[in-house]
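Please consult the sequence and the model while reading.

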2 protein chains.
Amino acid sequence: MKILIIEDEEEIRESIASYMQTEKYVCEFADTLNIAIDKIVTHDYDCILLDLMLPDGNGLKVLEKIRALNKQDGVIIISANGSLEDKIKGLNIGADDYLAKPFHLSELNARIYSVVRRKKFDSKNLMYYNELEINLQFKVVKVKGKEVLLTRKEFDLLLFLVGSKDMVVSKNAIAEHLSGDMADMMDNIDFVYAHAKNLKKKLTEAGCNNYIKTVYGVGYKFQV
Amino acid sequence: MKILIIEDEEEIRESIASYMQTEKYVCEFADTLNIAIDKIVTHDYDCILLDLMLPDGNGLKVLEKIRALNKQDGVIIISANGSLEDKIKGLNIGADDYLAKPFHLSELNARIYSVVRRKKFDSKNLMYYNELEINLQFKVVKVKGKEVLLTRKEFDLLLFLVGSKDMVVSKNAIAEHLSGDMADMMDNIDFVYAHAKNLKKKLTEAGCNNYIKTVYGVGYKFQV
DNA sequence: CTTCTATAATGAGGATTTTCATACCTGTAA
DNA sequence: TTACAGGTATGAAAATCCTCATTATAGAAG
(Lines give C-alpha, C1' and ligand atoms only; values in the text may rest on other atoms or scores of the structure.)
Protein backbone atom coordinates (compact mmCIF):
# COMPACT_ATOMS: atom_id res chain seq x y z
CA MET A 1 0.00 0.00 0.00
CA LYS A 2 1.32 3.40 -1.01
CA ILE A 3 0.79 6.42 1.17
CA LEU A 4 1.57 10.08 0.55
CA ILE A 5 2.19 12.17 3.63
CA ILE A 6 1.69 15.88 3.10
CA GLU A 7 2.97 17.55 6.22
CA ASP A 8 5.49 20.27 6.86
CA GLU A 9 6.36 19.48 10.46
CA GLU A 10 9.41 17.27 10.37
CA GLU A 11 8.67 15.64 13.68
CA ILE A 12 5.15 14.51 12.87
CA ARG A 13 6.21 13.37 9.42
CA GLU A 14 8.89 11.19 10.93
CA SER A 15 6.71 9.62 13.54
CA ILE A 16 4.02 8.80 11.03
CA ALA A 17 6.61 7.47 8.61
CA SER A 18 8.26 5.16 11.09
CA TYR A 19 4.94 3.76 12.19
CA MET A 20 3.82 3.27 8.62
CA GLN A 21 6.95 1.39 7.82
CA THR A 22 6.33 -1.09 10.57
CA GLU A 23 2.96 -1.61 8.90
CA LYS A 24 4.83 -2.24 5.65
CA TYR A 25 3.32 0.68 3.83
CA VAL A 26 5.38 2.48 1.20
CA CYS A 27 5.56 6.13 2.12
CA GLU A 28 6.30 9.26 0.17
CA PHE A 29 6.45 12.78 1.51
CA ALA A 30 5.68 16.34 0.60
CA ASP A 31 6.27 19.33 2.82
CA THR A 32 4.82 22.01 0.59
CA LEU A 33 1.69 22.48 -1.44
CA ASN A 34 3.62 22.54 -4.69
CA ILE A 35 5.56 19.35 -4.10
CA ALA A 36 2.35 17.68 -3.01
CA ILE A 37 0.50 18.63 -6.14
CA ASP A 38 3.42 17.54 -8.30
CA LYS A 39 3.39 14.12 -6.73
CA ILE A 40 -0.33 13.74 -6.92
CA VAL A 41 -0.43 14.57 -10.59
CA THR A 42 2.25 12.01 -11.43
CA HIS A 43 1.42 9.18 -9.03
CA ASP A 44 -1.48 7.19 -7.61
CA TYR A 45 -1.66 6.59 -3.91
CA ASP A 46 -3.90 4.33 -1.90
CA CYS A 47 -4.20 7.00 0.70
CA ILE A 48 -3.07 10.57 1.16
CA LEU A 49 -2.59 12.11 4.59
CA LEU A 50 -3.11 15.80 4.28
CA ASP A 51 -2.15 18.48 6.77
CA LEU A 52 -4.11 21.61 6.05
CA MET A 53 -1.54 24.08 7.39
CA LEU A 54 1.24 24.24 4.85
CA PRO A 55 3.86 26.94 4.39
CA ASP A 56 2.73 27.90 0.91
CA GLY A 57 -1.03 27.73 1.31
CA ASN A 58 -4.07 25.89 2.62
CA GLY A 59 -4.05 22.14 2.07
CA LEU A 60 -7.61 22.18 0.85
CA LYS A 61 -6.15 23.21 -2.50
CA VAL A 62 -4.57 19.78 -2.72
CA LEU A 63 -7.92 18.23 -2.13
CA GLU A 64 -9.51 20.35 -4.79
CA LYS A 65 -6.79 19.32 -7.21
CA ILE A 66 -7.28 15.63 -6.50
CA ARG A 67 -10.97 15.83 -7.11
CA ALA A 68 -10.53 18.04 -10.16
CA LEU A 69 -8.26 15.38 -11.63
CA ASN A 70 -10.95 12.84 -10.79
CA LYS A 71 -8.42 10.77 -8.89
CA GLN A 72 -9.62 7.95 -6.70
CA ASP A 73 -6.99 8.29 -3.98
CA GLY A 74 -8.34 8.22 -0.48
CA VAL A 75 -7.69 11.39 1.51
CA ILE A 76 -7.50 11.79 5.26
CA ILE A 77 -7.23 15.33 6.52
CA ILE A 78 -5.00 15.93 9.47
CA SER A 79 -5.61 19.22 11.13
CA ALA A 80 -3.90 20.94 13.98
CA ASN A 81 -6.50 23.47 14.91
CA GLY A 82 -9.35 20.99 14.78
CA SER A 83 -11.76 23.65 13.60
CA LEU A 84 -15.15 22.33 12.73
CA GLU A 85 -15.26 24.53 9.71
CA ASP A 86 -12.21 22.95 8.15
CA LYS A 87 -13.60 19.56 8.86
CA ILE A 88 -16.86 20.27 7.19
CA LYS A 89 -15.25 21.99 4.27
CA GLY A 90 -12.80 19.14 3.87
CA LEU A 91 -15.33 16.36 3.95
CA ASN A 92 -17.43 18.39 1.63
CA ILE A 93 -14.76 18.92 -0.96
CA GLY A 94 -14.14 15.24 -0.91
CA ALA A 95 -11.94 14.11 1.94
CA ASP A 96 -12.73 10.61 3.12
CA ASP A 97 -11.96 11.14 6.74
CA TYR A 98 -10.71 13.72 9.17
CA LEU A 99 -8.40 13.42 12.12
CA ALA A 100 -7.54 16.17 14.58
CA LYS A 101 -4.11 16.43 16.12
CA PRO A 102 -2.96 15.01 18.36
CA PHE A 103 -3.91 11.44 17.52
CA HIS A 104 -2.67 7.96 18.22
CA LEU A 105 -0.82 6.38 15.36
CA SER A 106 -2.91 3.25 15.75
CA GLU A 107 -5.99 5.40 15.30
CA LEU A 108 -4.53 6.84 12.12
CA ASN A 109 -3.74 3.36 10.96
CA ALA A 110 -7.29 2.20 11.53
CA ARG A 111 -8.61 5.18 9.59
CA ILE A 112 -6.31 4.47 6.69
CA TYR A 113 -7.51 0.90 6.58
CA SER A 114 -11.08 1.94 6.65
CA VAL A 115 -10.72 4.62 3.98
CA VAL A 116 -8.84 2.35 1.62
CA ARG A 117 -11.34 -0.41 2.15
CA ARG A 118 -14.30 1.85 1.58
CA LYS A 119 -12.79 3.11 -1.66
CA LYS A 120 -12.27 -0.41 -2.86
CA PHE A 121 -15.81 -1.36 -2.01
CA ASP A 122 -17.18 1.66 -3.77
CA SER A 123 -15.41 1.09 -7.02
CA LYS A 124 -15.38 -2.67 -7.22
CA ASN A 125 -18.17 -5.12 -7.54
CA LEU A 126 -15.84 -8.05 -7.36
CA MET A 127 -13.27 -8.93 -4.77
CA TYR A 128 -10.74 -11.72 -4.91
CA TYR A 129 -8.82 -13.29 -2.10
CA ASN A 130 -6.96 -16.16 -3.72
CA GLU A 131 -9.54 -18.88 -4.30
CA LEU A 132 -12.31 -16.78 -2.80
CA GLU A 133 -14.39 -14.48 -4.99
CA ILE A 134 -17.08 -12.15 -3.69
CA ASN A 135 -19.49 -10.51 -6.06
CA LEU A 136 -21.07 -7.48 -4.43
CA GLN A 137 -23.44 -6.82 -7.27
CA PHE A 138 -25.08 -10.19 -7.44
CA LYS A 139 -24.36 -11.09 -3.84
CA VAL A 140 -22.72 -14.28 -4.85
CA VAL A 141 -19.66 -15.98 -3.39
CA LYS A 142 -17.48 -18.41 -5.29
CA VAL A 143 -14.63 -20.64 -4.17
CA LYS A 144 -12.37 -21.88 -6.91
CA GLY A 145 -14.90 -20.67 -9.42
CA LYS A 146 -17.72 -22.67 -7.91
CA GLU A 147 -20.62 -20.93 -6.28
CA VAL A 148 -21.16 -21.36 -2.57
CA LEU A 149 -24.74 -20.80 -1.47
CA LEU A 150 -24.74 -18.49 1.50
CA THR A 151 -27.81 -17.29 3.31
CA ARG A 152 -28.36 -13.57 3.55
CA LYS A 153 -26.94 -13.30 7.05
CA GLU A 154 -23.94 -15.39 6.15
CA PHE A 155 -23.21 -13.16 3.20
CA ASP A 156 -23.69 -10.07 5.33
CA LEU A 157 -21.33 -11.38 7.94
CA LEU A 158 -18.68 -12.24 5.39
CA LEU A 159 -18.91 -8.81 3.86
CA PHE A 160 -18.77 -7.13 7.22
CA LEU A 161 -15.62 -9.00 8.14
CA VAL A 162 -14.02 -8.45 4.75
CA GLY A 163 -14.85 -4.77 5.07
CA SER A 164 -12.60 -4.68 8.09
CA LYS A 165 -10.03 -6.97 6.62
CA ASP A 166 -7.10 -7.67 8.94
CA MET A 167 -8.88 -6.00 11.81
CA VAL A 168 -10.77 -7.68 14.57
CA VAL A 169 -14.49 -7.05 14.59
CA SER A 170 -16.18 -7.36 17.94
CA LYS A 171 -19.07 -9.73 18.44
CA ASN A 172 -21.23 -6.84 19.54
CA ALA A 173 -20.52 -4.92 16.38
CA ILE A 174 -21.42 -7.99 14.38
CA ALA A 175 -24.58 -8.55 16.36
CA GLU A 176 -25.68 -4.99 15.78
CA HIS A 177 -24.80 -5.11 12.14
CA LEU A 178 -26.61 -8.37 11.45
CA SER A 179 -29.71 -7.54 13.40
CA GLY A 180 -29.86 -3.99 12.13
CA ASP A 181 -30.71 -2.96 15.64
CA MET A 182 -29.48 0.02 17.59
CA ALA A 183 -26.63 -0.11 20.04
CA ASP A 184 -28.93 -1.69 22.59
CA MET A 185 -27.24 -4.20 24.68
CA MET A 186 -28.18 -7.45 23.06
CA ASP A 187 -29.49 -9.96 25.53
CA ASN A 188 -28.27 -12.80 23.43
CA ILE A 189 -25.63 -12.90 20.74
CA ASP A 190 -25.50 -16.63 20.21
CA PHE A 191 -26.75 -16.12 16.70
CA VAL A 192 -23.41 -14.56 15.90
CA TYR A 193 -21.69 -17.78 16.85
CA ALA A 194 -24.19 -19.71 14.82
CA HIS A 195 -23.73 -17.67 11.66
CA ALA A 196 -19.96 -17.60 12.07
CA LYS A 197 -19.92 -21.34 12.39
CA ASN A 198 -22.15 -21.92 9.37
CA LEU A 199 -20.26 -19.45 7.23
CA LYS A 200 -16.90 -20.97 8.13
CA LYS A 201 -18.22 -24.43 7.50
CA LYS A 202 -19.62 -23.64 4.07
CA LEU A 203 -16.42 -21.94 3.01
CA THR A 204 -14.04 -24.63 4.20
CA GLU A 205 -16.22 -27.37 2.78
CA ALA A 206 -16.01 -25.60 -0.57
CA GLY A 207 -12.23 -25.73 -0.31
CA CYS A 208 -11.59 -22.22 0.96
CA ASN A 209 -8.78 -21.56 3.38
CA ASN A 210 -9.76 -20.54 6.84
CA TYR A 211 -9.66 -16.79 6.37
CA ILE A 212 -12.09 -16.16 9.20
CA LYS A 213 -10.18 -16.29 12.42
CA THR A 214 -11.67 -16.34 15.88
CA VAL A 215 -10.11 -13.83 18.23
CA TYR A 216 -10.69 -15.13 21.70
CA GLY A 217 -12.59 -12.77 23.92
CA VAL A 218 -13.17 -10.22 21.19
CA GLY A 219 -14.69 -11.36 17.95
CA TYR A 220 -13.66 -12.41 14.48
CA LYS A 221 -11.19 -11.30 11.86
CA PHE A 222 -10.93 -11.82 8.14
CA GLN A 223 -7.34 -12.31 7.14
CA VAL A 224 -5.94 -13.73 3.94
CA MET B 1 -48.97 21.74 17.06
CA LYS B 2 -47.16 25.06 17.38
CA ILE B 3 -44.85 26.30 14.67
CA LEU B 4 -42.56 29.32 14.56
CA ILE B 5 -41.81 30.70 11.13
CA ILE B 6 -38.66 32.79 10.95
CA GLU B 7 -38.68 34.40 7.53
CA ASP B 8 -38.39 37.96 6.34
CA GLU B 9 -40.02 37.61 2.93
CA GLU B 10 -43.66 38.49 3.39
CA GLU B 11 -44.82 36.41 0.48
CA ILE B 12 -43.23 33.16 1.55
CA ARG B 13 -44.32 33.70 5.12
CA GLU B 14 -47.91 34.09 4.03
CA SER B 15 -47.98 31.08 1.79
CA ILE B 16 -46.49 28.86 4.46
CA ALA B 17 -48.86 30.30 7.03
CA SER B 18 -51.99 29.70 5.01
CA TYR B 19 -51.00 26.16 4.24
CA MET B 20 -50.13 25.47 7.85
CA GLN B 21 -53.51 26.74 8.95
CA THR B 22 -55.28 24.26 6.72
CA GLU B 23 -53.23 21.65 8.55
CA LYS B 24 -54.51 23.09 11.82
CA TYR B 25 -51.12 24.13 13.09
CA VAL B 26 -50.80 27.18 15.28
CA CYS B 27 -48.32 29.57 13.69
CA GLU B 28 -46.23 32.41 15.01
CA PHE B 29 -43.90 34.62 13.02
CA ALA B 30 -40.61 36.44 13.25
CA ASP B 31 -39.07 38.48 10.49
CA THR B 32 -35.83 39.43 12.19
CA LEU B 33 -33.15 37.67 14.17
CA ASN B 34 -33.96 39.63 17.30
CA ILE B 35 -37.67 38.94 17.29
CA ALA B 36 -36.94 35.28 16.60
CA ILE B 37 -34.60 34.95 19.53
CA ASP B 38 -37.05 36.74 21.79
CA LYS B 39 -39.79 34.31 20.90
CA ILE B 40 -37.60 31.29 21.25
CA VAL B 41 -36.44 32.29 24.69
CA THR B 42 -39.97 32.74 25.94
CA HIS B 43 -41.88 29.98 24.15
CA ASP B 44 -41.64 26.32 23.21
CA TYR B 45 -42.45 25.27 19.68
CA ASP B 46 -42.91 21.85 18.18
CA CYS B 47 -41.07 22.97 15.13
CA ILE B 48 -39.21 26.07 13.97
CA LEU B 49 -38.85 26.93 10.32
CA LEU B 50 -35.71 28.96 9.92
CA ASP B 51 -34.68 31.03 6.96
CA LEU B 52 -30.96 31.70 7.10
CA MET B 53 -31.00 35.01 5.25
CA LEU B 54 -32.35 37.56 7.65
CA PRO B 55 -32.01 41.33 7.52
CA ASP B 56 -30.12 41.59 10.79
CA GLY B 57 -27.83 38.58 10.56
CA ASN B 58 -27.35 34.94 9.67
CA GLY B 59 -30.07 32.62 10.89
CA LEU B 60 -27.54 30.13 12.16
CA LYS B 61 -27.30 32.37 15.22
CA VAL B 62 -30.86 31.38 16.07
CA LEU B 63 -29.89 27.78 15.83
CA GLU B 64 -26.92 28.31 18.09
CA LYS B 65 -29.16 30.05 20.59
CA ILE B 66 -31.67 27.20 20.58
CA ARG B 67 -29.03 24.65 21.23
CA ALA B 68 -27.29 26.83 23.80
CA LEU B 69 -30.57 27.04 25.70
CA ASN B 70 -30.81 23.27 25.43
CA LYS B 71 -34.26 23.58 23.90
CA GLN B 72 -35.85 20.57 22.32
CA ASP B 73 -37.67 22.37 19.53
CA GLY B 74 -37.29 20.79 16.13
CA VAL B 75 -35.62 23.04 13.56
CA ILE B 76 -35.94 22.94 9.79
CA ILE B 77 -33.64 25.24 7.90
CA ILE B 78 -35.05 26.90 4.83
CA SER B 79 -32.41 28.34 2.60
CA ALA B 80 -32.61 30.31 -0.58
CA ASN B 81 -29.13 29.87 -1.90
CA GLY B 82 -29.12 26.16 -1.30
CA SER B 83 -25.42 26.15 -0.58
CA LEU B 84 -24.21 22.81 0.61
CA GLU B 85 -22.00 24.52 3.12
CA ASP B 86 -24.92 26.07 4.92
CA LYS B 87 -26.68 22.75 4.89
CA ILE B 88 -23.85 20.90 6.48
CA LYS B 89 -23.14 23.65 8.96
CA GLY B 90 -26.78 23.80 9.88
CA LEU B 91 -27.28 20.10 10.36
CA ASN B 92 -24.08 20.05 12.30
CA ILE B 93 -25.01 22.81 14.67
CA GLY B 94 -28.21 20.96 15.34
CA ALA B 95 -30.87 21.54 12.72
CA ASP B 96 -33.12 18.53 12.23
CA ASP B 97 -33.70 18.96 8.56
CA TYR B 98 -32.92 21.22 5.65
CA LEU B 99 -35.03 22.38 2.76
CA ALA B 100 -33.87 24.46 -0.20
CA LYS B 101 -36.12 27.00 -1.82
CA PRO B 102 -38.23 26.63 -3.77
CA PHE B 103 -40.15 23.74 -2.26
CA HIS B 104 -43.64 22.35 -2.31
CA LEU B 105 -45.65 23.10 0.77
CA SER B 106 -46.66 19.47 1.01
CA GLU B 107 -42.99 18.59 1.10
CA LEU B 108 -42.45 21.04 3.92
CA ASN B 109 -45.40 19.57 5.72
CA ALA B 110 -44.00 16.08 5.43
CA ARG B 111 -40.69 17.26 6.81
CA ILE B 112 -42.35 18.93 9.75
CA TYR B 113 -44.21 15.74 10.53
CA SER B 114 -41.09 13.71 10.34
CA VAL B 115 -39.01 16.07 12.46
CA VAL B 116 -41.64 16.33 15.16
CA ARG B 117 -42.12 12.60 15.16
CA ARG B 118 -38.42 11.90 15.39
CA LYS B 119 -38.11 14.28 18.33
CA LYS B 120 -40.94 12.52 20.07
CA PHE B 121 -39.40 9.14 19.44
CA ASP B 122 -36.15 10.33 20.86
CA SER B 123 -37.60 11.54 24.10
CA LYS B 124 -40.37 9.04 24.68
CA ASN B 125 -40.18 5.38 25.42
CA LEU B 126 -43.91 4.94 25.47
CA MET B 127 -46.54 5.85 22.95
CA TYR B 128 -50.27 5.59 23.33
CA TYR B 129 -52.93 5.55 20.68
CA ASN B 130 -56.14 4.88 22.55
CA GLU B 131 -56.12 1.21 23.45
CA LEU B 132 -52.75 0.66 21.78
CA GLU B 133 -49.53 1.07 23.74
CA ILE B 134 -46.07 0.80 22.25
CA ASN B 135 -43.05 0.53 24.51
CA LEU B 136 -39.92 1.47 22.61
CA GLN B 137 -37.60 0.57 25.43
CA PHE B 138 -38.73 -2.98 25.95
CA LYS B 139 -40.05 -3.42 22.43
CA VAL B 140 -43.37 -4.53 23.70
CA VAL B 141 -46.85 -3.77 22.40
CA LYS B 142 -49.97 -3.85 24.49
CA VAL B 143 -53.64 -3.60 23.56
CA LYS B 144 -55.98 -2.71 26.39
CA GLY B 145 -53.15 -3.37 28.79
CA LYS B 146 -52.56 -6.89 27.54
CA GLU B 147 -49.35 -7.76 25.78
CA VAL B 148 -49.49 -8.73 22.13
CA LEU B 149 -46.58 -10.88 21.04
CA LEU B 150 -45.17 -9.46 17.84
CA THR B 151 -42.22 -10.84 15.95
CA ARG B 152 -39.30 -8.54 15.35
CA LYS B 153 -40.36 -7.67 11.81
CA GLU B 154 -43.90 -7.06 12.87
CA PHE B 155 -42.72 -4.70 15.59
CA ASP B 156 -40.37 -2.98 13.16
CA LEU B 157 -43.15 -2.53 10.67
CA LEU B 158 -45.51 -1.11 13.25
CA LEU B 159 -42.89 1.33 14.43
CA PHE B 160 -42.03 2.37 10.92
CA LEU B 161 -45.64 3.11 10.15
CA VAL B 162 -46.22 4.88 13.45
CA GLY B 163 -43.10 6.93 12.75
CA SER B 164 -44.84 8.30 9.70
CA LYS B 165 -48.21 8.55 11.35
CA ASP B 166 -50.95 9.87 9.08
CA MET B 167 -48.69 9.60 6.06
CA VAL B 168 -48.65 6.84 3.53
CA VAL B 169 -45.52 4.73 3.51
CA SER B 170 -44.73 3.05 0.24
CA LYS B 171 -44.28 -0.69 0.03
CA ASN B 172 -40.81 -0.17 -1.36
CA ALA B 173 -39.80 1.96 1.59
CA ILE B 174 -41.14 -0.69 3.90
CA ALA B 175 -39.36 -3.44 2.03
CA GLU B 176 -36.07 -1.60 2.27
CA HIS B 177 -36.57 -0.77 5.88
CA LEU B 178 -37.47 -4.29 6.91
CA SER B 179 -34.77 -6.00 4.94
CA GLY B 180 -32.14 -3.46 5.89
CA ASP B 181 -30.95 -3.65 2.33
CA MET B 182 -29.83 -0.82 0.08
CA ALA B 183 -32.12 0.85 -2.40
CA ASP B 184 -31.76 -2.13 -4.67
CA MET B 185 -34.86 -2.88 -6.56
CA MET B 186 -36.38 -5.71 -4.63
CA ASP B 187 -37.33 -8.57 -6.86
CA ASN B 188 -40.08 -9.61 -4.51
CA ILE B 189 -41.89 -7.63 -1.87
CA ASP B 190 -44.50 -10.20 -0.98
CA PHE B 191 -43.00 -10.39 2.46
CA VAL B 192 -44.32 -6.90 3.08
CA TYR B 193 -47.84 -8.13 2.44
CA ALA B 194 -47.21 -11.06 4.71
CA HIS B 195 -45.93 -9.01 7.63
CA ALA B 196 -48.63 -6.41 7.18
CA LYS B 197 -51.26 -9.08 7.24
CA ASN B 198 -49.86 -10.80 10.30
CA LEU B 199 -49.40 -7.54 12.17
CA LYS B 200 -52.93 -6.40 11.39
CA LYS B 201 -54.33 -9.75 12.40
CA LYS B 202 -52.54 -9.84 15.74
CA LEU B 203 -53.63 -6.32 16.58
CA THR B 204 -57.27 -6.72 15.63
CA GLU B 205 -57.51 -10.10 17.35
CA ALA B 206 -56.25 -8.40 20.50
CA GLY B 207 -59.09 -5.93 20.20
CA CYS B 208 -57.24 -3.06 18.59
CA ASN B 209 -58.99 -0.84 16.07
CA ASN B 210 -57.73 -1.08 12.55
CA TYR B 211 -55.23 1.75 12.63
CA ILE B 212 -53.19 0.29 9.80
CA LYS B 213 -54.88 1.23 6.57
CA THR B 214 -54.04 -0.13 3.17
CA VAL B 215 -53.57 2.55 0.55
CA TYR B 216 -54.28 0.87 -2.73
CA GLY B 217 -51.43 1.07 -5.17
CA VAL B 218 -49.08 2.76 -2.74
CA GLY B 219 -48.55 1.19 0.62
CA TYR B 220 -49.80 1.44 4.16
CA LYS B 221 -50.66 4.16 6.61
CA PHE B 222 -50.97 4.30 10.37
CA GLN B 223 -53.85 6.49 11.37
CA VAL B 224 -55.67 6.70 14.66
C1' DC C 1 -73.99 -2.10 -12.93
C1' DT C 2 -70.77 -5.27 -14.87
C1' DT C 3 -66.46 -6.54 -16.38
C1' DC C 4 -61.64 -6.24 -16.39
C1' DT C 5 -57.03 -5.53 -14.57
C1' DA C 6 -53.90 -4.53 -11.20
C1' DT C 7 -53.13 -4.84 -6.52
C1' DA C 8 -53.58 -6.94 -2.00
C1' DA C 9 -54.76 -10.73 1.24
C1' DT C 10 -54.26 -15.30 2.48
C1' DG C 11 -52.57 -19.98 3.73
C1' DA C 12 -49.29 -23.28 3.48
C1' DG C 13 -44.62 -25.04 2.79
C1' DG C 14 -39.93 -24.53 2.75
C1' DA C 15 -35.95 -21.89 4.00
C1' DT C 16 -33.68 -19.21 7.22
C1' DT C 17 -32.76 -17.45 11.61
C1' DT C 18 -32.63 -17.73 16.47
C1' DT C 19 -32.50 -20.08 20.72
C1' DC C 20 -31.08 -23.51 23.78
C1' DA C 21 -28.54 -27.15 25.94
C1' DT C 22 -24.32 -29.14 25.87
C1' DA C 23 -19.64 -29.98 24.70
C1' DC C 24 -15.33 -28.02 23.82
C1' DC C 25 -11.55 -24.84 23.97
C1' DT C 26 -8.44 -20.91 25.73
C1' DG C 27 -6.09 -18.42 28.80
C1' DT C 28 -5.22 -17.74 33.77
C1' DA C 29 -3.77 -18.72 38.21
C1' DA C 30 -2.72 -21.88 41.79
C1' DT D 1 0.69 -29.25 35.37
C1' DT D 2 -3.89 -29.01 36.61
C1' DA D 3 -8.06 -27.07 37.71
C1' DC D 4 -11.00 -23.41 36.73
C1' DA D 5 -13.84 -19.80 34.58
C1' DG D 6 -15.21 -17.59 30.81
C1' DG D 7 -15.57 -17.84 25.98
C1' DT D 8 -16.72 -20.45 21.73
C1' DA D 9 -18.55 -24.36 18.82
C1' DT D 10 -22.05 -27.35 17.76
C1' DG D 11 -26.46 -29.78 16.64
C1' DA D 12 -31.11 -29.82 17.01
C1' DA D 13 -35.45 -27.72 18.00
C1' DA D 14 -38.31 -23.77 17.87
C1' DA D 15 -39.54 -19.53 15.99
C1' DT D 16 -39.63 -16.58 12.37
C1' DC D 17 -39.38 -15.23 7.76
C1' DC D 18 -39.96 -15.55 2.79
C1' DT D 19 -41.98 -17.50 -1.33
C1' DC D 20 -45.46 -19.11 -4.06
C1' DA D 21 -49.93 -20.24 -5.67
C1' DT D 22 -54.46 -18.97 -5.01
C1' DT D 23 -58.25 -16.13 -3.83
C1' DA D 24 -60.28 -11.69 -2.85
C1' DT D 25 -60.68 -6.83 -3.51
C1' DA D 26 -60.24 -2.05 -5.28
C1' DG D 27 -60.50 1.05 -8.80
C1' DA D 28 -60.98 1.90 -13.80
C1' DA D 29 -63.39 1.46 -17.94
C1' DG D 30 -67.21 0.37 -20.58
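How far is a phosphate oxygen of DNA strand C from an N or O atom in the side chain of B:K200? In this predicted model, the separation is 3.1 Å.

**Surroundings of DNA strand C**
- DNA strand C is surrounded by 18 residues, and the closest are A:T151, B:K171, B:Y193, B:T214 and B:Y220.
- Of the atoms of DNA strand C that come within 4 Å of the protein, 76% belong to sugar and phosphate.
- The surface near DNA strand C comprises seven nonpolar, six charged and five polar residues.
- At least two residues of this surface come from each of the following elements: α6 (152–163) and α8 (190–205) of chain A, and α8 (190–205) and β13 (212–215) of chain B.

**Side-chain contacts with phosphate oxygens**
- An N or O atom in the side chain of A:T151 is 2.4 Å from a phosphate oxygen of DNA strand C.
- For B:Y220, a polar side-chain atom lies 2.3 Å from a phosphate oxygen of DNA strand C.

**Helix α3 of chain B**
- Helix α3 of chain B spans residues 60–68, and its buried residues are B:L60, B:V62, B:L63 and B:I66.
- Viewed down the axis of α3(B), these buried residues fall within an arc of 150°, so they line one face of the helix.

Definitions and conventions. Residues numbered from 1 in each chain as written. Chains lettered and ligands numbered in written order. Predicted model: local features only at pLDDT ≥ 70, side-chain atom pairs only at ≥ 80, totals over all residues. Heavy atoms only, no water. Near = heavy atom within 4 Å. Polar contact = N/O pair within 3.5 Å; in protein donor to acceptor, adjacent residues only side chain to side chain. Helix = DSSP H or I, 4+ residues; strand = E, 2+ residues; numbered from the N terminus. Nonpolar A, V, L, I, M, F, W, Y, C, P; charged D, E, K, R; others polar. Buried < 20%, exposed > 50% of the residue type's maximum accessible area, 1.4 Å probe, protein only. Arc of directions from axis to C-beta.
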